[in-house]
Amino acid sequence: VSAALAVLAAGAVVVPLDPQIDDRALGAVLADCMPRAVVTTSEYLRRLGRLDPAGDARVVLLDVAQQHPQSWWRLQGEAGATLPRAGPDDVAVLFYTSGTTGEPK
């Protein structure tokens, strides 16, 4: 929840994913939404490495020490970032859904 609120406060779009999503569906969703950043944990980072769907997306890890190069703590030290202001007509969240047999839509 904190990560989603931080993404929204930064003027970006949240794409929440079910941690139980299978690899095929995960790859399809990430290829479709083309994320600039993926906020995840070390456990799921291994899945991303196998799939390589995120391309050049920056990976931010929630469960590593402050000193880790991909730790979310590092975001606090980045100076000079100008965040966009979200407007009432801007997309805030992108949900992918599917039926029991379909591709995420």
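Visitor: Quick one to start: what does Leu51 count as, at its relative accessibility?
Guide: Leu51 counts as partly exposed, because its relative accessibility is 26%. The cut-offs are under 20% relative accessible area for buried and over 50% for exposed, with partly exposed in between (1.4 Å probe, protein chains only).

Visitor: Before I go on, what kind of model is this?
Guide: It's a predicted model, where local features need pLDDT of at least 70 and side-chain atom pairs count only at pLDDT 80 or more, while totals for chains, interfaces and linings use all residues. Residues are numbered from 1 along each chain as its sequence is written, and side-chain values use heavy atoms, with hydrogens and water left out.

Visitor: Okay, back to Leu51. Which helix has it?
Guide: Leu51 sits in helix α3. Helices (H or I, at least four residues) and strands (E, at least two) are DSSP runs, numbered from the N terminus.

Visitor: And what is Leu51 in contact with?
Guide: Asp23, Leu26 and Gly27, if you leave aside its neighbours within four places in sequence. Contact means heavy atoms within 4.5 Å.

Visitor: Which residues are buried in helix α2?
Guide: α2 runs over residues 23-33, and Ala25, Leu26, Gly27, Val29 and Leu30 are buried there. The cover over those buried residues includes α3 (42-51).

Visitor: What's going on at the start of α2?
Guide: A side-chain oxygen of Asp22 comes to within 3.1 Å of the backbone nitrogen of Arg24.

Visitor: And what follows α2?
Guide: Met34, with a positive phi. The angle is about 45 degrees, although Met34 is not a glycine. Met34 is in the loop between α2 and β1, and Met34 is exposed because its relative accessible area is 64%.

Visitor: Let's do Arg47. Is it buried or exposed?
Guide: Buried, because Arg47 has 13% relative accessibility. Its place is in helix α3.

Visitor: So what does Arg47 touch?
Guide: Pro19, Ile21, Asp22, Asp23 and Leu26, not counting residues up to four places away in sequence. With Ile21, a polar atom of the Arg47 side chain lies 2.5 Å from the backbone oxygen. A polar contact here is a pair of N or O atoms within 3.5 Å; within protein, one must be able to donate a hydrogen and the other to accept it, and residues adjacent in sequence count only if both atoms are side-chain atoms.

Visitor: Change of topic: what volume does the largest pocket have?
Guide: About 1,700 Å³. On a 1 Å grid over the protein atoms alone, a pocket is an open set of points where a 1.4 Å probe fits, with protein on both sides within 12 Å along at least five of seven lines, and lining residues have an atom within 4 Å of a point. Grid points are joined across faces, edges and corners, and the volume is the space filled by probe spheres set on them.

Visitor: How many residues line the largest pocket?
Guide: There are 42, and Ala3, Val7, Ala37, Val38 and Val39 lie nearest its centre. Two or more lining residues come from each of α1 (2-9), α2, β1 (37-40), α3 and β2 (58-61). The largest share, five residues, is from α1.

Visitor: How do the lining residues divide, polar or nonpolar?
Guide: The lining of the largest pocket has 32 nonpolar, five polar and five charged residues. Ala, Val, Leu, Ile, Met, Phe, Trp, Tyr, Cys and Pro count as nonpolar, Asp, Glu, Lys and Arg as charged, and the others, Gly among them, as polar.

Visitor: What about Thr40, buried or exposed?
Guide: Buried, because the relative accessible area of Thr40 is 10%. Thr40 belongs to strand β1. Beyond its neighbours within four places in sequence, Thr40 is in contact with Leu45, Leu48, Val59, Val60, Leu61 and Leu62.
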